[in-house]
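This report describes the packing of one protein model, taking its surface, helices and cores in turn.

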Amino acid sequence: MGSKLKPEIAKILKSFGLDPRESLWDCHGSWVLLHKACQTIQHRLGIVFSEPKVLHMDLDKKQVVFQVMGHGKDGVTRYDIGEAMPSNNKNAYPCAMALKRAEDKVIIHLAKLREHGVYSSEEAEEFKSPKVDKEDT
């Protein structure tokens with residue numbers, strides 16, 4: 001049995017037109033938000049990203065670290081990093097994965113979900129296979 005969804009998380013998701021039961025799941029006590037839900041939030045908040053900054057890139061070793069900065073239409077700005085390395089990424093597209101991870105993290109922060117312990121489905125390999133207990137959400 002998973003942890004109980006905080007009412008604050010449900011309220012925030014519903015404010016973006018998202019159903020918590022379809023947008024996130026409990027992964028061993030961490031609430032994980034689907035990438036497509038992050039994109040919905042991005043659109044609703046009017047978040048625009050500056051050009052990513054490459055902090056590290058070695059494509060031969062499939063190592064990529066990007067920093068992205070997101071700007072909300074309310075003037076709030078947030079930056080974060082996304083990393084993709086063989087130890088945390090099993091797909092063949094480390095650049096795309098690092099970028100998605102960084103952008104999703106910024107979106108979750110700007111939506112005020114991170115303070116409630118919410119992560120993106122892109123942030124870790126163990127978040128890739130949802131095992132949803134609908135009664136907990």
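In which strand is the place of V54?

## Basis and surface patch

V54 belongs to strand β4, residues 53-58; helices (H or I, at least four residues) and strands (E, at least two) are DSSP runs, numbered from the N terminus. The model is a predicted one, in which local features need pLDDT of at least 70 and side-chain atom pairs count only at pLDDT 80 or more, while totals for chains, interfaces and linings use all residues. Residues are numbered from 1 along each chain as its sequence is written, and side-chain values use heavy atoms, with hydrogens and water left out.

V54 counts as partly exposed because its relative accessibility is 45%; buried means under 20% relative accessible area, exposed over 50%, and partly exposed in between (1.4 Å probe, protein chains only). Together with M57 and L59, V54 makes a nonpolar surface patch of about 260 Å².

## Helix α1

I9, A10, I12 and L13 are the buried residues of α1. They cover an arc of only 165° around the axis, so they lie on the same side of α1; the arc is that of the directions from the helix axis to the C-beta atoms. P7, K11, K14 and S15 are exposed on the other side of α1. The cover over the buried residues includes α2, β1 (24-27), β2, α3 and β7. After α1 comes G17, with a positive phi near 75°.

## Helix α3

In α3, the residues H35, A37, C38 and I41 are buried. Their arc around the axis is only 155°, which puts them on the same side of α3. K36 and H43 are exposed on the other side. Among the elements covering the buried residues of α3 are α1, α2 (20-23) and β7 (118-120). G46 follows α3 and has a positive phi, near 65°.

## Nonpolar cores

The largest nonpolar core has 24 residues, and those with the most contacts inside it include I9, L13, I41 and V118. A nonpolar core is a set of buried Ala, Val, Leu, Ile, Met, Phe, Trp, Tyr and Cys residues joined through side-chain atoms within 4.5 Å. Two or more residues each come from α1 (7-15), β2 (30-33), α3 (35-45) and α4 (94-110), and α4 gives the largest share, five residues.

Leaving aside neighbours within four places in sequence, L13 is in contact (heavy atoms within 4.5 Å) with L18, P20, L24, L33, I41 and L113. Another core, of five residues, lies apart from the largest one and includes V64, F66, M97 and A98.

Technical notes
Patches are made of residues with over 30% relative accessible area and no salt bridge: like charges are joined within 9 Å, nonpolar side chains (Val, Leu, Ile, Met, Phe, Trp, Tyr) within 5 Å. Accessible areas come from the Shrake-Rupley method with a 1.4 Å probe; for residues, only the protein chains shown count as cover. A salt bridge is a side-chain nitrogen of Lys or Arg within 4 Å of a carboxyl oxygen of Asp or Glu.
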